[in-house]
Amino acid sequence: MAVAELGVVVLDCPDPHALAAFYAEVLGGTVRDQGDWVDLKLPGGQALAFQAAPGFVPPTWPSPDHSQQFHLDLDVPDLDVAERAVLALGATPLETEDRTRSFRVYADPAGHPFCLCAG
């Protein structure tokens, strides 16, 4: 028997409004602004939240000295099309050179790593 149910994944960031807007463009959904906290309700019921974090330091990819803590895997039907879209929205490529793999790694505008995965 489970003790709890996952409510929402929360990303610390310097600008929750901007990061919620980035993920809304990537994933769709509806943004609900609550000041230093912003919710993104995704199609299908999932949610992401973004919290203002003074002194935020983005994770480093890859780095054994500075753990990334977590990353999001985002399934896409076409890696090339999705790559062009996230780059246009402000993502930064982190590990995209090997085009034979089924995933590519980027950082969102606040520096959190995420993968586009061939789905």
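**Figure 1. L48 and its contacts in the predicted model.** Beyond its neighbours within four places in sequence, L48 is in contact with V8, V9, L11, Y23, L27, V38, D39, L40, L42 and L72. L48 belongs to strand β4, which spans residues 47–52. Its relative accessibility is 6%, so L48 counts as buried; the cut-off for buried is under 20%. V9 and L48 lie 39 residues apart in sequence, yet their C-alpha atoms are 5.2 Å apart in space.

**Figure 2. The two faces of strand β5.** L72, one of the contacts of L48, brings us to strand β5, residues 72–76. In a regular strand, side chains alternate between the two faces of the sheet.

**Figure 3. β5 beside β8.** Strands of a sheet pair through backbone hydrogen bonds, either parallel or antiparallel. Here β5 pairs with β8, residues 113–118, in the parallel sense. Five bridges join the two strands. Follow two positions along β5. L72 has F114 as its bridge partner in β8. L74 stands opposite L116, also in β8.

**Figure 4. The open sheet of four strands.** The strand order is β5-β8-β7-β6, and the pairing is mixed. β5 and β6 (92–95) stand at the edges. Each has a single partner strand, so one side of each is left without a neighbour in the sheet. On average, neighbouring strands of this sheet are turned by 35° against each other, direction ignored.

**Figure 5. The buried and exposed sides of helix α2.** Helix α2 runs over residues 79–88, and L79, A82, E83 and V86 are buried in it. These four cover an arc of only 105° around the axis, which puts them on the same side of α2. The face turned away from that buried side carries the exposed residues R84 and A88. What covers the buried residues? The cover includes helix α1 (16–27) and strands β5, β7 (103–107) and β8.

Figure 6. D78 caps the N-terminal end of the helix. A side-chain oxygen of D78 lies 2.9 Å from the backbone nitrogen of D80. After the helix comes G90. The phi angle of G90 is positive, near 115°.

Methods
Residues are numbered from 1 along each chain as its sequence is written. This is a predicted model: local features need pLDDT of at least 70, side-chain atom pairs count only at pLDDT 80 or more; totals for chains, interfaces and linings use all residues. Side-chain values use heavy atoms; hydrogens and water are left out. Buried means under 20% relative accessible area, exposed over 50%, partly exposed in between (1.4 Å probe, protein chains only). Contact means heavy atoms within 4.5 Å. Two strands pair if DSSP finds at least two bridges between them. Axes are lines fitted to C-alpha atoms, for helices over the stretch in contact, and angles run from 0 to 180 degrees between N-to-C directions. The arc is that of the directions from the helix axis to the C-beta atoms. A polar contact is a pair of N or O atoms within 3.5 Å; within protein, one must be able to donate a hydrogen and the other to accept it, and residues adjacent in sequence count only if both atoms are side-chain atoms.
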